[in-house]
Amino acid sequence: MLTDLLYRLRALFRGQQMDSEVEEELRGHLEYEAEKLRRTGLPPDQAMRRARMVLGGPEQVKQQVRESRGTKFLEELLQDIRYAIRSFAKTPGTTAMILLSLAIGIGANTAVFSFTSALLLNPLPYPNPDRLTILWLRSPGIGILQDWPSPGQYHDIVTQNHVFDDSALVTGSSFILTDRAKAIRVGGMEATSNLLPMLGAKPMLGRLFLAEEDRPGTPQTVVLTYGLWQQEFAGDPHILGQAVTLNGHLHTVVGVLPASFRLDHEVVPTVGGIPKPDFFMPPADEARDATNYGSENFNILARLKPGVSVGQAQADIDVIAARIRKDKSRDPSFTISVVSLMNQVVGDIRTAMLILFGAVALVLLIACTNVANLLLSRATARQREFAVRAALGAGRARVVRQLLTETILLSLIGGVAGTGLSAVCILLARKMHPANIPRLNELGLDWRVLAFTFAISLATGVLFGLAPALRAARVNLTASLKSGGKGSLHGGLSLRHDRLRGTLVVAEIAISLPLLIAAALLVRSFAQLSDVPPGFNPQHVISMNMSAYGPTLNTPAKRIQFYQELTERTTHLPGVTAAGAVSALPLTPTVGWGKVHIEGYTPLPNEPEVQVDFRVATPSYFNVMQVPLLRGRTFAETDSPTMPPVMIIDQKMADHFWPHGDAIGKHVRRSDDDSWATIVGVVGIVKEYGLDAGTRMVMYAPHAQLSAGTMYFVARTQTDPNAFGNEITRLANSINPNVPVSDVATMSRRLQDSLARQRFAMLMLSGFAAFALILAAIGVYGVISFLVTQGTADIALRMALGARRMSILSWVFGQGAKLASIGLVAGVMGSLALTHIMSSLLFQVKATDPLTFGSMSFVLLFVALSACLLPATRAMRIDPVIALRAE
Amino acid sequence: MEERLELPQGTLDLLILKALALGSMHGWAISERLQQISREALQVQQGSLYPALHRLERRGWISAKWATSENNRRAKYYKLTPRGQKQLETETTAWRKLAAAVGLVLDMTAGESNAH
C-alpha cells in the first residue's frame, strides 16, 4: 500500500523524468530488436526499419505506461488547475469580481454562522442543559413580565409539582468583604445545597455544601469561585477552614470551585443584579421560611424530569400558580412561567439572529447569482476555445470537468478570502463588545464554522459552476468557430436572446431590495430610539454603586449621615454642580417595586392590584439627573425621620390616580409600611428600563426617612464627568473605608450601552445590505458590459449607419434601467412580504414605511445605473471602422 | 508466429514475475525470453509489457535500476523483490489449480458427467 502511494506520488511530481526514462528504455528496446535482426543478416538501416515496424510507435506505449502509473486523474487535475489559473489571469476583471462576490457571500455567512454557533448551537456548560429551566412570576396585566419568586412559592412548587426532579432556590446580592487590605464589594449567591450539583459543579478544593447546611442554625460556610480565590486570596492552597468576613459576619471557607465553572447574570439574573457570583453560601434564614411569600427576591432553578418538555412543565406549574393566585389574591393575570435556561440566555436575540441569518442567506444567493452570471458570460466569451478543444477531440465530460475544476477552484479561493473577511467581522464584533449580547466571548472560527464554510464554498462552486459548464459544453461547433466566439451580428444586442442572464440580474436586484429596506428600517428605528427623551439629562453625569453596610454603618442614621456627608463634600469639588443618590438608577439592573395602597381609592372588582416602582432618593437626586419637577416640591432636609413621611410620585402615577391634577397632599402607603405618607411633589417620567421599554408608575421616598444601604451615587459636573469617578471614590473611602465603590460609569455611557443590542443588529444588517449593494452593482456591471462586448459589431454598425453616440449611451442605460426596474418591482413586493417578520425589532417605524421603501428603491436604481457607466462609455468609444473590420 | 495467443487478464504479470525469477533482466530480454520459452506462441507487445512492468513496480513486486549491459549499453534492469517472489509462488499455485480444474472440466466426457 505504502510503496504504491510513494510510487504514485513520485510519478505525480517526477512525471517528466519518468517519461524520459521510459523513452530511453523504449529506445534501448528498439536497438536490441534491430541488433537481433542485424544478426540474422539484414543491413543495419533495414534492420532498424523492420524493428520500428514490428514494435510500433513509442508515443502510444508511453501513453499506456503513463496510464498504468495510476496518476492520470491527478495529473489531469493539476493540468486543469494550471490551465484554470492561466485562464483566470487572462480575464483579471471578471475573476476579481467573481472572487469578490464569493468572498462577500461566503464571508458574511461564515460570520453569521459563527454567531449562531456561539449563541444557539453551543450547549450551556452544564450537564443535561436542555432539562434546566428557570421560573419567573408573570403578571402581564400590571406590566410585570419577569419577577422573582418568593421562598413560599418555591416551597409550593417543590411540594406540588410532578415535572421536576430537582430544584434550587437562589438569590444573589452584593456583600462587603472586609479583613483584606481594603473593603471590596463582591457578589454572592445564597443557594440551597442542590444548586451546585445540579449545575454539575465539582469542587477543585474541599467540598460543596451539605444538605444539612440548608437548615438554620448550622455553622456559616462559603464556597469560593476560582476568580475570587485567585484575586483576593492569591490562590492560597491552605484556604480551606479559614474564615472570611462578609457584611461583618464570619464564614468558613469549605471549598473552591474550578475556573471552568461559570454562572453569569445571563444565566441567572438575580434581583441584586450581580454580574457573576464571587462565592456561594447557604441560604439566609428568610429563604428557609416556607411561609415567606412577601420577599419576592429569589430565583428558582429547576431540572425537568427526563422526557418532560417545557410545555408539559408549564401546564403542571399553571395549576400551582392558579392555586397561589386564588389563595394569595394575586393579580388575575398572575402566572409562573417556566423558561428553558437556553432561552433565558439567548432570549430575544433569537429573532435578530434569524433575521441576520435570512439576510446573509440572501447575500449568498446574490453572490451565487453573480458568480453564475459572470461564469456564464465568461463561458460564452470562451465558446471558441471550447469549440477548438472539442474539435481536437476533448469529450464533453472532459470540458465540463475542466470548467468545474475552474469554478471549484474559484469558490475555494473565495472561501479562503471569505474566511478572512469573516475573521475581520468577528474581530470588529468583539471590539464593539455589545455588553448585552449574550455569549459573545464564545465567538470564534471553530471547526464547525470552518466545516460550514468549506461546505458552502464547495456547494457554491458545484451548483453555480454546473449550469454554465453544461451550457458551454453544448457548443455548436461550426457556428462558434465561424463567428469567432463573438455574438452573431443579429440579436447580440438584446437581452431577449439571453433571458437567463437578464433574469439573474433581475433576481439579484429583487433580492437586494428587501435587504436594503430591512437595514434602512433598522437605521431609522435606531434613530427614532436615540431620539426618545430618557426623562433625565444624561450629559455630564457620573454614577457609581456604593454599599454602605457593615459594623460601622449598621443603623439608618449612620447610613443617612454617610450619604449626606458624601453629597456635601462632593458638591464642594470644583467642577461639580450637584450630587445625590438613588436606590435604583435608571438603566442599571437594580429594581424595586411593590404593592401600594392609595387613600380613598378602592380598586374595581376585576382591577389588577396596584404595583408601582419604588425608589429611595436624596433631596438633590432630581436636580442632578435633571428630572423635571412638575408640581409641588422635591425632598428637603426637613423631611427627616422625625417628621411626617412624604413621597414624590411621577407624572404617570399622578395621571393614573389623580387625572385632574390634584395629587399633591394625597396619601399613599406601601403594603409593608403601616403609616400613610403624603405626596409632596410630582416629577417627570423617567425611562428606567431603556429607551425602547415601557415605563411603570414610580414613587420616591426620601432617603432620610427610609434609608437604603446600597445606592447609586450620582454627580453632575461641568466638565468631563469621567474625571470625577476616582475622586468621588476617594472621598467615599476617606469618609468610611468600609464602603466599596463599584460600577462607575457616566450616564451617557449607560445610555449607549442600553442601545448596544439595537446598534449591533443595525450595524450588522447595514453591513450585509452594503454587501448586497456591491454585489448587485457587480451583477449589473457584468451583464451590461457583456452586452456591450457581444454587441460591439452591432453598435459599430449602427454608428456607421449614423446613430449618434448619445443614442448608444441611452440604449446602454436603457438596458440597465429596464433590468433594474423589473427587479425593483419584484423587490418591493418581496419586501412587503418579508419586512413584517422584523416588526418586533422596529421602534416607531412601520415595517411598510413608504419613505424607506421609496428611498431604498431609488438608491438601488442609482447604483444599478452607475454600474452601467463604464460599459456605456466603452460602447461610446467603439470605433465603427475598426470594429467592423474585425468582424 | 501467426498463431498468437491472447493472454488472459493478469497472466502477463505472472509470466513476467516468472521470467524475472530466473535473474534480473531488461525489458527487451524479458519479451525475448517469454517468446523463446513459449516457443514463439507468446509474443509480448511493448504496449503491454511496459505498462505491466510499471504496474508491478508500483505494487512493489519488482524493482528497477539502470545499469550497463554486457554490450555496453545503458538499460533498465528489473529484479524480483522478496515480495514479488512470494506473489509469484501464490499466483503459480493458484494458476496451477485453476488450470487443472479447467482442464478437468474440459476433458469431461458424457459418461463422467452422468456418473455424478
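1. **Basis.** This is a predicted model, in which local features need pLDDT of at least 70, side-chain atom pairs count only at pLDDT 80 or more, and totals for chains, interfaces and linings use all residues. Residues are numbered from 1 along each chain as its sequence is written, chains are lettered from A and ligands numbered from 1 in the order in which they are written, and side-chain values use heavy atoms, with hydrogens and water left out.

2. **Confidence.** The predictor assigns the complex an ipTM of 0.84 and a pTM of 0.70. The pLDDT (the predictor's confidence in each residue, from 0 to 100) averages 85 in chain A, where 94% of the residues score at least 70. Residues 483-497 of chain A have a pLDDT below 50. That stretch still has 26 contacts in the model beyond near neighbours in sequence, a contact being heavy atoms within 4.5 Å. Where pLDDT is low, predicted coordinates should not be read in detail.

3. **Chain B confidence.** Chain B averages a pLDDT of 82, and 88% of the residues score at least 70. Confidence in chain B is lowest in helix 5 (residues 110-115), at a mean of 53. It is highest in helix 4 (residues 82-107) of chain B, at 90. Helices (H or I, at least four residues) and strands (E, at least two) are DSSP runs, numbered from the N terminus.

4. **Interface area.** Chain A and chain B bury about 2,400 Å² between them, with 48% of it on carbon and sulfur atoms. Buried area is the accessible area (1.4 Å probe) that two parts lose on being put together, summed over both. A:E25, A:H29 and A:Y32 supply 31% of the area that chain A buries against chain B, more than any other three residues. The contact takes 23 residues from chain A and 25 residues from chain B.

5. **Interface pairs.** Three salt bridges cross the interface of chain A and chain B; the rule asks for a side-chain nitrogen of Lys or Arg within 4 Å of a carboxyl oxygen of Asp or Glu. B:R74 forms a salt bridge with A:E24, with the closest N and O atoms 3.1 Å apart. Seven residue pairs, both at pLDDT 80 or more, are in polar contact across the interface of chain A and chain B. A polar contact is a pair of N or O atoms within 3.5 Å; within protein, one must be able to donate a hydrogen and the other to accept it, and residues adjacent in sequence count only if both atoms are side-chain atoms. Helix 1 (2-13), helix 2 (15-39) and helix 4 (58-68) of chain A each supply at least two residues of the side that touches chain B. Helix 2 of chain A gives the most, with 11 residues.

6. **Sheet of chain B.** Three strands form an open antiparallel sheet in the order 1-3-2 in chain B. Two strands pair if DSSP finds at least two bridges between them. Strand 1 (25-26) and strand 2 (62-68) of chain B are the edge strands, each pairing on one side only. Two bridges join strand 1 to strand 3 (residues 74-80) of chain B, and B:M25 has B:Y78 as its bridge partner. Seven bridges join strand 2 to strand 3 of chain B; there, B:I62 partners B:L80. Strands 2 and 3 of chain B form a hairpin with five residues between them, and B:N72 in the turn has a positive phi of about 65 degrees.

7. The search finds 21 salt bridges over all chains. A:R401 forms a salt bridge with A:D80, the closest N and O atoms being 4.0 Å apart. A:R401 lies in helix 14 (residues 396-432) and A:D80 in helix 5 (residues 72-90) of chain A, so the pair ties together parts that are 321 residues apart in sequence.

8. **A:K687.** This residue is in the loop between strand 19 (677-683) and strand 20 (698-702) of chain A. Beyond neighbours within four places in sequence, A:K687 contacts residues including A:V532, A:P586 and A:A693. The backbone oxygen of A:A693 lies 3.1 Å from a polar atom of the side chain of A:K687.
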